[in-house]
Amino acid sequence: MEKYFGAQIKRLWRLLPLVFCVMALLFGSVYLIYQGLVTQWSESDELKKLSVGIVGTTDPMLQAGIDAIASLDSSNMALEFVNMDEQAAKQKLQAGDISAYVVFPDDFLNKALQGIIEPIRFISSPGSENILSLVKDELTSSLANILLTSEYGAFAMGDALRDLGYDNRFQTDHMNNMAFTFIAQVLQRDSVYSVEELGISEGLKFDEYMICGLSVVFLFLMTLPFVAVFVKEEPSMERLLKSRGVGAISQTVCELGAYVLFLLLLSALLLPVFGAFSLKGILHLIPLVFCIGAVSYLIYNLSRDLVSGVLLQMVVAVAMCFVSGCFYPVYFFPLSVQNLAKYLPAAVAREHLSVLLTQQEPAGSGAILAATGAVCLLACLLIRCLRIKGVKEGAR
């Protein structure tokens, strides 16, 4: 058994130049895919400020208020206000340069100070169903509530002071103080809640998520050069080894053991990408590499020629990785597909790799990968036994 294991090591060693060429090609392709996806994500509408045109701000006090909101309020992280006339706003909205525009009525502020709140028009693209629709509803309802509430409070204060016999100056000072109190509360509203970034999945940001997903794709496709070693058109060599005392169990364990060892050494080259090039990181990869090696080894045992082995491994790997959310966030798929994907080896492998970035304790992913690899190993052993037995019976 030791001699057969050593022979497998030598066979795989001779294959290393081809493996490194394939790895370099795969790494370049995966890196280009990663850059394209991250660039597309960073330029998506969800991460851009919404440009909103402001029309009718000729009053200096109203303009000062809008400038204060643009510089002090937390909404400046999502909204960008641009002053313009209504004709220019219509043209820019049609051209897609702004997301919407707001029209303040003439003499809006003076009437508001007298308790007369005129409606503000909010114009967006017809049939808009994106995030702007939510912003429109939230912005208009919030403005209405803030204006009405501050109006009720300030004028109620004035009425109360007047009924108590205070003069107009005293009333005005206290009404202004109450108005400033309302403004301060509005500008500090983000202090009443906390924000927790859940990330795309497993607490990862989009770029980290894609590193894990595309690394799983890379590891699955990295097994393709080994098809030349493990695909056998007929089992004469297996029968010969059986007659020399190397049974089906020894053959399977030695071949898969040498295969997993080489995959582990090659997979360790990915650890610097995760900032985890250490003994702990290599040990963390063992169940992952064992699972990937066992799955590909099973596919090669089911194949009877090189072409079918390569095609079957590639189709299974790419399809499984795609459904498991390795190319794109898994929530892109329907809920039924998401529920199925979380049981696939590629999805568990992606979750297992995410631990290297989040530094969280593994949630049983290693055990699931090891169990999957063990099932594939048993299936390979059964196939090897049936092939050897079938050849012997055919020889009789």
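Select Phe220 and show its neighbours: leaving aside residues up to four places away in sequence, Phe220 touches Ile292, Val295, Gln313, Ala317, Met320, Cys321 and Ala346. Keep in mind as you look around that this is a predicted model.

As background, nonpolar side chains in soluble globular proteins tend to be buried together.

**Zoom out to the whole chain**

Switch to a cartoon view for a moment. How many helices and strands does the protein chain have? There are 17 helices and four strands.

**A pair of helices**

Next, select helix α13 (residues 279-302) and helix α16 (residues 345-358). Two packed helices are described by the angle between their axes and the distance between the axes. Here the axes come within 10 Å and cross at roughly 175°. An angle over 145 degrees counts as roughly antiparallel, so α13 is roughly antiparallel to α16.

To see where they meet, show side chains on both helices. On the α13 side, pick Gly281, His284, Leu285, Pro287, Leu288 and Cys291. On the α16 side, pick Pro345, Ala349, His352, Leu353, Val355 and Leu356. Sorted by class, this contact has nine nonpolar residues, three polar ones and no charged ones.

**Two salt bridges**

A search of the whole structure finds two salt bridges, and both deserve a stop.

For one of them, select Glu255 and Arg384, whose side chains meet at 3.0 Å, N to O. This pair links distant parts of the chain: Glu255 sits in helix α11 (residues 248-267) and Arg384 in helix α17 (residues 365-395), 129 residues apart. Are these two residues buried or exposed? Buried means under 20% relative accessible area, so Glu255, at 1%, counts as buried. Arg384 is also at 1% and therefore counts as buried.

For the other, go to Arg162 and Asp159, where the N to O distance is 2.6 Å. Both residues lie in helix α6 (residues 131-163), three residues apart, or about one turn of the helix. Arg162 is partly exposed, with a relative accessible area of 45%. Asp159 is partly exposed too, at 36% relative accessibility.

Which helix holds Phe180? Select helix α7 (residues 168-187) and you will find Phe180 there. At 56% relative accessibility, Phe180 counts as exposed. Now draw a distance from Phe180 to Ser150, C-alpha to C-alpha: the two are 9.6 Å apart in space and 30 residues apart in sequence.

For the last stop, select Val307 in helix α14 (residues 306-323). Val307 is exposed, with a relative accessible area of 57%. Draw one more C-alpha to C-alpha distance, this time to Val227: Val307 and Val227 are 9.1 Å apart in space, although 80 residues separate them in sequence.

Notes: Residues are numbered from 1 along each chain as its sequence is written. This is a predicted model: local features need pLDDT of at least 70, side-chain atom pairs count only at pLDDT 80 or more; totals for chains, interfaces and linings use all residues. Side-chain values use heavy atoms; hydrogens and water are left out. Contact means heavy atoms within 4.5 Å. A salt bridge is a side-chain nitrogen of Lys or Arg within 4 Å of a carboxyl oxygen of Asp or Glu. Helices (H or I, at least four residues) and strands (E, at least two) are DSSP runs, numbered from the N terminus. Buried means under 20% relative accessible area, exposed over 50%, partly exposed in between (1.4 Å probe, protein chains only). Axes are lines fitted to C-alpha atoms, for helices over the stretch in contact, and angles run from 0 to 180 degrees between N-to-C directions. Angles under 35 degrees count as roughly parallel, over 145 as roughly antiparallel, 65 to 115 as roughly perpendicular and the rest as oblique. Ala, Val, Leu, Ile, Met, Phe, Trp, Tyr, Cys and Pro count as nonpolar, Asp, Glu, Lys and Arg as charged, and the others, Gly among them, as polar.
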